[in-house]
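Visitor: I would like to learn how to read a protein model feature by feature. Could you take me through this one slowly?

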Amino acid sequence: MEKEVVSKNFIEQIIDKDLEEGVYDTVHTRFPPEPNGYLHIGHAKSILLNYGLAQKYQGKFNMRFDDTNPTKEKVEFVESIKKDIEWLGADWEDRLFFASDYFQKMYECAVLLIKKGKAYVCDLSADEIREYRGTLKEPGKNSPYRDRSVEENLELFENMKNGRYADGEKVLRAKIDMASPNINMRDPVIYRVAHMSHHRTGDNWCIYPMYDFAHPIEDAIEGITHSICTLEFEDHRPLYDWVVRECEFPHPPKQIEFAKLYLTNVVTGKRYIKKLVEEGIVDGWDDPRLVSIAALRRRGFTPESIKMFVELCGVSKSQSSVDYAMLEYCIREDLKLKKPRIMAALDPIKLVIDNYPEGQVEELTVVNNLENEELGTRTVPFCRELYIDREDFMEEPPKKYFRLFPGNEVRLMQAYFVKCTGFEKDENGKVTVVHCTYDPETKSGSGFTGRKVKGTIHWVPAPYAVKAEVRLYENIIDEEKGVYNEDGSLNLNPNSLTVLKDCYIEPAIRGAEAYERFQFVRQGYFCVDAKDSRPDALVFNRIVSLKSSFKLPKA
C-alpha cells in the first residue's frame, strides 16, 4: 500500500529543515497577545497555528501576555483572552507568562547594550526623532546625542529608571545604522519614560520597553524556537535578530511571518469596536454581530467550526480575503449531524383543528435528526390548538404555494393531514386564527396511502409551547456600501438585529442552558444566549440560516 503524501505548509517545511539540520532539537511556540482588547477571528488562526505546530512536533506551547504598554491594558482583557484560548482548546499547561515577568531582565539587557556602545539616551522629541529618521528614499541623520559616552548613558538611563524625567523627555535608542535601507534599523527607540501604573507591577517601573525590543527578549528567555507572527513584522525581523544577538542569548529563536486572516465585510479594528460599544450600538465586545472570539462563542459558533475554518483558509505568505460565508459553511457542517431539529413558530398564528376532540392530547414520537439516527427520538404533545408560522398560511396564495390556504390540505410534520376551512382576522385585517379539520386516518407512520399532499408545515402545541425571545442577526456592516465611509466611519446596517419577542417553541427546549444549540426546522441553527437568557425567559441567537450559496472551491 502506498504511503499517503501529506502536503506541508511553508512553516512546517522550515521546521522540518531546522530539526533535520540540528538548528533546534525541539519545537517551542507561543501566542503573545497584548491585553488591550478582545481577540478576534484573525487571532484564532494564530492561536491554532502555534498550538497546532507544538502538538504536531510533540513540542511545547506558551501563553504569554505582551503587557509592555500600561496605557491601554486591562485585567478584563487578560481574563477574556485566557477564556477564549481555553475555549479554542489550546492548552498552555503550566506555561502562562507575562512580558512584565521579565522587566528586570529587559532592563539588564538595555544596560548591557549601553556598556557595549550599542545604545544611547536621546533627548530628541518624538517629532524630532521622526524628522531625523529620514524616508524610504532618504537616509536618516544621526542624533546630536548619539555619541554620548558609555558612562553618561548609564547615568542618564539610571535616572530615567529612577523617575528623574517627565514622559517623553528622554528615550533610550539602539545604536545601529541611521543610513540603513530598513527604517526599523535606524536607531529605534527601545525604552521610553511613562509614569503609568501597570496592571501587574504597579508603580515599580516608570520606564517601559518598546515592543520590538521586548518581544525578542521574551522569546529568547522562554526558549521559543519558532516565533510565528504576521507579515507586517517581516521588516522588523532584522531588528528582532539584532536584539537577540547583541543581548547575547545563546539559543536565538527564528521569526517566521505568515499572512493574516482577513474576513470580508467585518469589523476587527479595536478602536472601531470600542466606539460601537461606547455608543451603545452593540451591547459589548461579545455582541453576536461582531467577530471577536467571545462574540462568536456567544452567537453559538463552536471551537470545532473555527478550527475547520482556519484549516480551510490554510497558511501562506500571500495576503488574501476570505468570505464570511465560508465561516457560516463551517458551523453548518459542524452542527448538522450533532443537533436535534426542533419545531418553532417565530412569527406565530394560532391554528385550531375544529374536529379534534377538546381536551385530547396525543404524545407523538418524533425523530431528533433524520440524518443521524443516534440522536434518537423525543415525544411532542399534539392537541386541538397549535401555533404555526405566519408564512405557512396565505389568504390568496400565488401559484406554486403549497402550504395552507382556504380549501388546501397539508401535512402537519410528524402528525396528520389538515385542511383549511376558514380563518379569523382582527380589526386591522391581520389574520389571527386559522381553522382546519384533520383526517385521523393520515397519522404519520400509519402507512396511509389514500392521497398525497404537496406541502408539509411545522407546528407547536399551543398549551405546552415555551415562549421565547429570538434574535436574528445580519452583518453589522452594510455590505453593498463596504465597511468604511469616505470620512473613515463605519457603514452600519440598520437591520443588523431583529428581535422577535413572542416566539413559541416546542416543549423539548424547556430548561435549555447557555450555549445549548438546536436546529429550528426551516429557520436555521440557534443558540441559547449566554448573557441575557434565563431559565424562565429563554433568549435564542440565530447562529446561521439553513441555506447558503457558498460552495467550497474544488481542490
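Visitor: How many cavities of 30 Å³ or more does a search of the whole structure find?

Guide: This is a predicted model, and a search through the whole of the structure finds one cavity of 30 Å³ or more. The space in this largest cavity comes to about 90 Å³.

Visitor: Which residues line the largest cavity, and which elements give two or more residues to its lining?

Guide: The lining is made up of Tyr211, Asp212, His215, Pro216, Cys229, Phe233, His236, Leu239, Tyr240 and Gln255. The elements that give two or more residues to this lining are α7 (211-222) and α8 (237-246), and α7 gives the most, with four residues.

Visitor: Let us turn to helices. How are two packed helices described?

Guide: Two packed helices are described by the angle between their axes and by the distance between those axes. Here, helix α2 (residues 41-56) packs with helix α11 (residues 303-313) at an angle of about 80°, and their axes are 10 Å apart. Angles of 65 to 115 degrees count as roughly perpendicular, and α2 and α11 are therefore roughly perpendicular to each other.

Visitor: Which residues of α2 and α11 meet?

Guide: From α2 come Ile41, Ala44, Lys45 and Leu48, which meet Ile306, Lys307, Phe309 and Val310 in α11. The residues of this contact divide into six nonpolar, no polar and two charged.

Visitor: How much space lies in the second largest pocket, and which residues are closest to its centre?

Guide: The second largest pocket holds about 480 Å³ of space. It is lined by 18 residues, of which Leu48, Leu49, Val310, Glu311 and Val315 are the closest to its centre. The elements that give two or more residues to its lining are α2 and α11, and the largest share, six residues, comes from α2. The lining of the second largest pocket divides into eight nonpolar, five polar and five charged residues.

Visitor: What describes a pair of aromatic rings?

Guide: A pair of aromatic rings is described by the distance of the centres and the angle of the planes. In this model the count comes to 24 aromatic pairs. One of them, formed by Tyr38 and Trp285, is stacked, with 5.3 Å from centre to centre and 15° between the planes.

Visitor: Where in the chain do Tyr38 and Trp285 lie?

Guide: Tyr38 lies in the loop between β1 (28-31) and α2, whereas Trp285 lies in the loop between α9 (270-278) and α10 (293-299). The pair links distant parts of the chain, 247 residues apart.

Notes:
Residues numbered from 1 in each chain as written. Predicted model: local features only at pLDDT ≥ 70, side-chain atom pairs only at ≥ 80, totals over all residues. Heavy atoms only, no water. Axes fitted to C-alpha atoms, helices over the stretch in contact; angles between N-to-C directions. Parallel < 35°, antiparallel > 145°, perpendicular 65-115°, else oblique. Contact = heavy atoms within 4.5 Å. Nonpolar A, V, L, I, M, F, W, Y, C, P; charged D, E, K, R; others polar. 1 Å grid on protein atoms, 1.4 Å probe; cavity = no way out; pocket = protein on both sides within 12 Å on 5 of 7 lines; lining within 4 Å. Points joined across faces, edges and corners; volume = space filled by probe spheres on them. Phe/Tyr/Trp six-rings, centres within 6.5 Å; stacked < 30°, edge-to-face > 60°.
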